[in-house]
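Trainee: I would like to go through this model with you. May we begin with the chain overall and then turn to the packing?

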Amino acid sequence: MDDPSLTTKLRRYWDVGTTVGGLATRLVGQEYLGRAIDDQAYAKDLKARLGTMKGPLMKAAQFLATIPDAIPIEYAQKLWELQSQAPAMGVPFVKRRMSSELGPDWSQLFQSFDLKACAAASLGQVHQAITQDGQKVACKLQYPQMQAIIETDLQQLKTLLGIYHSWHKAVDMTEVQTEIKDRLLEELDYVHEAQQIQIYQKIFHQTEEIQIPKVYPSLSTSRLLTMSWMDGKPILNYLDSSKDFRNSLADRLFMAWYRPFYHHGVIHGDPHPGNYLVTTEGTLQLLDFGCVRHFSKSFVQGVVHLYHAFLHNRPKEAVSAYESWGFQNLTNDLIEIMNDWARLLYDPLLDDQVRPIQKNFSAAHGWQVATAVYEKLRQRGGVRPPKEFVFMDRAAVGLGGVFMRLKVERNWHRLFEEILENKFEFE
């Protein structure tokens, strides 16, 4: 077990508190004192500071960036761009951790093992190795004391969200905090992640255009995950590719995220550009299955019912969908406001024509609509969204951002209808 020592927690409280406290102070100052602060400069600094920190705070910051009006737009734009730039742990750490996971003779299990990490993320780092039978693999090794760090980061997040909610009562963040905690704790369990990889392998075993890594159980533990090496390049390397190539990538991304959701009730909850690679032939390679959200069949059917409610102008079906998700005490005013928000999300799916995911390749209009919706909700006492919405919305926002950066134009309505044509396959 990692040592959740008081020293570790106190050090983390100091590091995280300094970073988060700066944002909290800025928000308090602007709200109550009217202090003029250079938002652009501070947002840039906050992004740089969070990017050098290991742990889940970076993921939480990216999530906050998807909630309109949760933080100023300058911060949201910078935090959504955030990728971990934290330096990897050194060779002594790698040797100690590998020995603790696979035994003192761990190096004998590989033909070669690069002690220098090829990638460093928020919860662990990746090393390239060659197995004894000649297979190139990626070994994801978890950083030390992550349990203690997560507990500290979540407490700091709770403080920041509490400050937000004390002013902005549009959305009750209680379920949001619970969901983030549950998913982050799951991400620490690499046995659980291996199980999610197997689920995705089953879903896409007959789809050549989408590749899922293979897990090597004998070389994996709860804190070490060994998978087949993926040799693709980051998807953002293909921004200048041909229109047809970029559009085909969009089709595969759409399928990779939404076929599992609508057919099997699971969704990859971290659609960051760093979590998928692309080969020169256009094959999409999915990475990082630590944050996979499972949904009930009734929840997914509610999403489909709301789509049909808007498509066929059936307002009672929309209300039924909201109620099936657990929304309570819905007045006509609240229903109208929620419809405005839902139509914004469903807009590309309802529009039967070739178009960008957001017209003019800009999220500005969507952000303005969302902010107006949150203001109306705040005036009427707010709502408490189901916790299932947290990573479903995150997936939609994340994919939308990639589609805009790729400047793809598709008939999203037709793509969605093709997915819905097939029956649910929930177990």
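Trainee: What share of the contacts in the chain with a separation of 6 or more comes from residues 24 or more positions apart?

Mentor: Such residues account for 73% of those contacts, a contact being heavy atoms within 4.5 Å. Please note that this is a predicted model: local features need pLDDT of at least 70, side-chain atom pairs count only at pLDDT 80 or more, and totals for chains, interfaces and linings use all residues. Residues are numbered from 1 along each chain as its sequence is written, and side-chain values use heavy atoms, with hydrogens and water left out.

Trainee: How many helices and strands does the chain have?

Mentor: The chain has 15 helices and eleven strands. These are DSSP runs numbered from the N terminus: helices are H or I with at least four residues, strands are E with at least two.

Trainee: And what percentage of the residues is buried?

Mentor: Of the 427 residues in the chain, 53% are buried. Buried means under 20% relative accessible area, exposed over 50%, and partly exposed in between, with a 1.4 Å probe and protein chains only.

Trainee: Turning to the helices, at what angle do the axes of helix 10 and helix 12 cross?

Mentor: Helix 10 (residues 297–311) and helix 12 (residues 332–350) cross at roughly 85°, and their axes come within 10 Å. Axes are lines fitted to C-alpha atoms, for helices over the stretch in contact, and angles run from 0 to 180 degrees between N-to-C directions. The two helices are therefore roughly perpendicular to each other; that term covers 65 to 115 degrees, while under 35 is roughly parallel, over 145 roughly antiparallel and the rest oblique.

Trainee: Which residues make that contact?

Mentor: Helix 10 contributes Val 303, Leu 306, Tyr 307, Phe 310 and Leu 311, and helix 12 contributes Asn 339, Ala 342, Arg 343, Tyr 346, Leu 349 and Leu 350. By class, the contact has nine nonpolar, one polar and one charged residues. Here Ala, Val, Leu, Ile, Met, Phe, Trp, Tyr, Cys and Pro count as nonpolar, Asp, Glu, Lys and Arg as charged, and the others, Gly among them, as polar.

Trainee: How is helix 15 placed against helix 10?

Mentor: Helix 15 (residues 412–421) packs against helix 10 at about 135°, with the axes 13 Å apart. The pair is therefore oblique. Val 304, Tyr 307 and Leu 311 of helix 10 meet His 413, Phe 416, Glu 417 and Leu 420 of helix 15. This contact divides into five nonpolar, one polar and one charged residues.

Trainee: One last point: is Glu 101 buried or exposed?

Mentor: Glu 101, found in helix 5 (residues 91–102), counts as buried at 14% relative accessibility. Leaving aside residues up to four places away in sequence, Glu 101 touches Thr 221, Arg 223 and Leu 224. Leu 224, in strand 6, has Leu 141 opposite.

Key
Two strands pair if DSSP finds at least two bridges between them.
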